Amino acid sequence: MNSITENLNHIHSSITKAIANSKRVENSVKLLCVSKTKPKEMVIEAYKDGERHFGESYAVEASEKIEQLKELGYNDIVWHFIGPIQKNKTKLIATHFDIVESVDRVIVAKRLDEQRPDNLKPLEVLIQVNISDESQKSGCAVSDIDELIKEIQSCKKLKLRGFMGIGKDTNNLDEITAEFAQLKDLFNKYKTSIADFDILSMGMTHDLDLAIAQGSTEVRIGTAIFGAREYKNKTMNDVKVAFIGGGNMSSCIYDSIIKDYDAKNITVSGPHLEKLEKFKQHGSNITTDNVKTVEQAQVIFLGVKPQILTSVLEEIKNSNISLDGKLFISMAAGFKLSSIYAQLQTHNLIRIMPNTPAKLGLGVIAVSYDSAVTDSEKELCKKMLSHMGECIEGDEQALNVIGAICGCGPAFVYRFMEALISEAVRNGIAPNDARKMVEQTVFGSASMVIKNQDTSIAALREAVTSKGGTTFAGLCKMTEGNFEQIMQNTIQASLDRTYEFEKMF
């Protein structure tokens, strides 16, 4: 593993090379070392290598780190806040930071201005622009920039310095380049009329070259300097887990977790303690206090129905407890990441959609991540779900499709089995025997598919079908009945209902 010094040398070399390739002025791009979740010792090591600008995303954790370093004499560090801003954390941010790069709405600007101590110089701010136009990402919409600029300029304790943007997480480099170019154009537009408007913060470890080529004046690098963010004490024996709601799916996930980890580190909250006794019998804590449960946990599963989730999120929001470093995992159908963010003001969110065979460890779990979830948190989530079946990752649209195919799919398979059993009985087979033979047929067919990965399912079907034979005759009737169209209509109906739910929340 390279030292921080070696990593910094490599990053500065990469920045210099990217500047030269873009034919830009030497030293025109500043490095912001993203030290979120990293101990003060790592900051000190980078400081000794000449770094003075450090970025943090969690207000409580960062404020403690900043104070500790000032007590040690590191008073010339310029601290940048770069994460989503919760309204109840603006006082901490206004007090401890020099630059805030993620101002994206008027209420945040007003609070930062009101809470900036009088003895400090004006707080420098950047407007975070949502250049990728993704609902799960923070940032001001382009159409709202003028209003936000006007508000910031009216604040005596704020000084507007530029824009910040995050490119879409995609392998399509042309798409990222277009987003960076759009922000550069906006930057140039406002630079002509705003004094000292000279910071364009865009580009991270994976898209540094593209950002510099499009005019970035600051790149935000964390992983390539300090290493991947480690989720605190990655095993569940050190991470406190909470469940809000103890229903069937929470129970399923709980059973998966305790196969590897100590149940005493899990708390389950619900309105009726008597319904949570099964968790207590395993050694877990049970309570009716949702807020206390969230406050004491690092990973929180939201296991309530969508119509109840709104009130739970409002309860957490109104409690004003710190959500820094907490990971929320929701299993509520139709409740989008953006809807959860609207209440909690954190992008450390995951949505999962398990299907019922997960209770047997044979399920499919659709997983979608919000923008602040780290690789180590993703791995932790998948580890917790590992005894439930196969995790399939994707964006929220993929999650909807996976839900329609895999979440609803078992019901469609069961109905198909019911029809086969009914036909067997109609033709003289005893009901018990009919069920057994259909069970084995479906199980055996699925096993044939699983164990013959190099063979297409169409080829397996054709191997059973002799032209003019009995199987062929049955398949012809399926074709006459427009079977594929029926299935298309079936899945589309499930998807349409999903979209209706999304509009409700």
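Helix 15 (residues 375–384) has the lowest mean pLDDT among the elements of the protein chain, at 89. Strand 3 (residues 78–81) has the highest, at 98. The model is predicted. Its protein chain averages a pLDDT of 92, and 97% of the residues score at least 70. Where pLDDT is low, the coordinates should not be read in detail.

**Largest pocket: space and lining**

- The largest pocket holds about 2600 Å³ of space.
- Its lining counts 49 residues.
- V413, F416, V442, S445 and A446 are the lining residues nearest the pocket centre.
- By class, the lining divides into 34 nonpolar, 11 polar and four charged residues.

**Largest pocket: contributing elements**

- Helix 17 gives the most to the lining, with 11 residues.
- Two strands, strand 15 (363–369) and strand 16 (389–393), each supply at least two lining residues.
- The helices that each supply at least two include helix 16 (396–407), helix 17 (409–426) and helix 18 (431–450).
- Helix 19 (457–464), helix 20 (470–480) and helix 21 (483–504) also each supply at least two.

- K23 is not a glycine, yet its phi is positive, at about 55°.
- K23 sits in the loop between helix 1 (4–21) and strand 1 (30–34).
- K23 counts as exposed because its relative accessibility is 77%, over the 50% cut-off.
- N320, also a residue other than glycine, has a positive phi near 65°.
- The loop between helix 13 (306–319) and strand 13 (327–330) contains N320.

Terms used. Residues numbered from 1 in each chain as written. Predicted model: local features only at pLDDT ≥ 70, side-chain atom pairs only at ≥ 80, totals over all residues. Heavy atoms only, no water. 1 Å grid on protein atoms, 1.4 Å probe; cavity = no way out; pocket = protein on both sides within 12 Å on 5 of 7 lines; lining within 4 Å. Points joined across faces, edges and corners; volume = space filled by probe spheres on them. Helix = DSSP H or I, 4+ residues; strand = E, 2+ residues; numbered from the N terminus. Nonpolar A, V, L, I, M, F, W, Y, C, P; charged D, E, K, R; others polar. pLDDT = per-residue confidence, 0-100. Buried < 20%, exposed > 50% of the residue type's maximum accessible area, 1.4 Å probe, protein only.
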